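Please consult the sequence and the coordinates alongside the text.

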Amino acid sequence: MVLDTRVTRLLGIEHPIIQGGMHYVGYAVLAAAVSNAGGLGTVTALTQKSPEDLRAEIRRVRALTSKPFAVNLTLLPSLAPPDYGAYARVIVEEKVPVVETAGRNPAEWITFFKKHGILVIHKCVAIKHALTAERLGADCISMDGFECAGHPGEDDVGNYVLLAKAAKKLTIPFVASGGVGTGSQLAAALALGAEGVNCGTRFMATTEAPIHDGIKRALVKGDERSTTLVMQSVGNTERVFKNRVTTEVREIEKRNPGKIEAIRERGELPEEFSGERRPRQQRVERGDRHGADRRRPFVRRVSEEDGRRGGGNHHGAARRFGARAVEAVTRAS
Ligand SMILES: Cc1cc2nc3c(=O)[nH]c(=O)nc-3n(C[C@H](O)[C@H](O)[C@H](O)COP(=O)(O)O)c2cc1C
């Protein structure tokens with residue numbers, strides 16, 4: 001079934017499905033697979049160690065697909081911020097058609113990309129930020145509800161409320177992001193006024209996602225209670241997969257609310273919060289997937305329904321989710 005929306009027309013894609021930027025997951029192979037399947041694949045800029053590495057990754061995407069794709073540029077608080085300007089210049093020089101901006105103070109970057117004729121999807125968790133992005137010239141908004149993996153913001157607003165309000169307030173098109181993994185959820189998002197969906201977790205359980213099979217297995221086995229929130233006490237909430245590490249982080253936070261040092265001492269703090277690159281993270285490169293996987297708690301559930309379908313055969317399940325992930329999400333079943 002073909003779904004023709006302002007988002008498919010704007011982005012030149014066949015299905016209104018975007019694979020959102022994912023740190024240490026959004027490499028060329030996954031992005032190209034999503035784009036080839038008719039969605040919009042996304043490479044995550046800051047996963048690349050340097051702007052020149054990003055350039056090479058963009059060229060890898062181009063070698064694998066002639067379809068539109070995006071680069072995600074995430075602006076997160078950091079004691080040692082990356083050279084955003086250098087990454088942004090590479091995106092412009094390489095004529096990337098779409099940028100997904102996310103995080104704090106995107107004004108400078110939305111203006112910059114628009115000046116160079118690049119389509120901008122701004123991902124945000126609040127209507128007021130979506131309106132600001134619209135005013136700054138963003139072409140599309142990805143509304144991230146409280147359900148989403150990664151950073152759902154501090155307002156705890158779920159997609160039922162957020163999307164309905166976005167439909168009333170925004171003039172530019174928006175997509176629903178957070179907790180989407182099935183065709184029926186895509187249909188629900190469209191009914192609420194969104195013109196597509198942005199999925200993260202759903203694309204992790206795919207053959208093309210460069211992550212450890214154990215993580216894919218955990219996602220397939222997980223259910224709607226398999227995620228939890230960490231870092232709420234420091235005002236930088238993250239939705240993550242519930243496991244030993246994230247449970248421990250929550251316990252540390254309970255004992256030391258608001259004290260980021262307490263978590264950092266335990267050594268499980270993602271680099272974007274500490275602003276440091278710990279030795280082990282420095283080894284986390286494209287080839288060192290196992291290191292990356294153990295360090296990355298940003299894993300979220302796939303739907304219970306998909307978990308049941310996946311059964312015990314994770315290879316088969318991942319392949320089913322992977323090769324046809326985009327088609328599966330479009331099927332309004
Ligand atoms: C492993 C992982 C890493 C992510 N990293 C980023 C990131 O670096 N920048 C960003 O804007 N969003 C990031 N996200 C959020 C996704 O782009 C997307 O908005 C979110 O996953 C949607 O929620 P869902 O997982 O329920 O589909 C990440 C998500 C996951 C699962």
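Two strands are taken to pair if DSSP finds at least two bridges between them. Helices (H or I, at least four residues) and strands (E, at least two) are DSSP runs, numbered from the N terminus. The model is predicted: local features need pLDDT of at least 70, side-chain atom pairs count only at pLDDT 80 or more, and totals for chains, interfaces and linings use all residues. Residue numbers start from 1 along each chain as its sequence is written.

**Sheet architecture**

- Eight strands form an open sheet in the order S1-S8-S7-S6-S5-S4-S3-S2, with parallel pairing.
- The edges are held by strand S1 (17-19) and strand S2 (41-44); each has a single partner strand, so one side of each is left without a neighbour in the sheet.
- From one strand to the next, the twist averages 30° (axes are lines fitted to C-alpha atoms, for helices over the stretch in contact, and angles run from 0 to 180 degrees between N-to-C directions).
- Strands of a sheet pair through backbone hydrogen bonds, either parallel or antiparallel.

**Strand pairs and crossovers**

- S1 is joined to strand S8 (residues 197-199) by three bridges, and the two run parallel; the bridge partner of Gln19 in S8 is Cys199.
- S3 and S4 run parallel and are joined by six bridges, with Leu75 having Gly103 in S4 as its bridge partner.
- A right-handed β-α-β unit is made by S3, H4 and S4; a crossover is right-handed if, with the strands pointing away from the viewer, the path from the first strand over the helix to the second runs clockwise.
- Five bridges connect S4 with S5 in parallel, and Val98 stands opposite Leu119 in S5.
- The β-α-β crossover that takes the chain from S4 through H5 to S5 is right-handed.
- Strand S6 (residues 140-144) pairs with S7 in the parallel sense over four bridges, and the bridge partner of Ile141 in S7 is Phe174.
- The chain passes from S6 through helix H7 (residues 159-169) to S7 in a right-handed β-α-β crossover.
- S7 and S8 run parallel and are joined by two bridges, with Ser177 opposite Asn198 in S8; S7, helix H8 (residues 183-191) and S8 form a right-handed β-α-β unit.

**Burial within the sheet**

- A residue is buried if 20 or more other C-beta atoms lie within 10 Å of its own, exposed if 12 or fewer, and partly exposed in between, with C-beta atoms placed from the backbone.
- Five of the six residues of S4 are buried, so S4 is largely enclosed by the rest of the structure.
- Strand S7 (residues 174-177) is covered on both faces: Phe174 and Ala176 are buried on one side, and Val175 and Ser177 are buried on the other.
- In a regular strand the side chains alternate between the two faces of the sheet.

- Helix H5 (residues 107-115) lies across S3, S4 and strand S5 (119-124), and runs at about 160° to S5.
- The axes of helix H6 (residues 127-136) and H7 come within 10 Å and cross at roughly 35°.
- Ile127, Ala130 and Leu131 in H6 meet Lys165, Ala166 and Lys169 in H7.
- By class, this contact of H6 with H7 has four nonpolar, no polar and two charged residues (Ala, Val, Leu, Ile, Met, Phe, Trp, Tyr, Cys and Pro count as nonpolar, Asp, Glu, Lys and Arg as charged, and the others, Gly among them, as polar).

**Selected residues**

- Lys95, in the loop between H4 and S4, has a positive phi of about 55° although it is not a glycine; Lys95 counts as exposed, with 11 C-beta neighbours inside 10 Å.
- Asp156 lies in the loop between S6 and H7 and has a positive phi near 55°, again in a residue other than glycine; Asp156 is exposed, with 12 other C-beta atoms within 10 Å.
- Ala167 is located in helix H7 and counts as partly exposed, with 15 C-beta neighbours inside 10 Å.
- The C-alpha atoms of Ala167 and Leu192 are separated by 7.2 Å, although the two are 25 residues apart along the chain.

Key. Contact = placed C-beta atoms within 7 Å.
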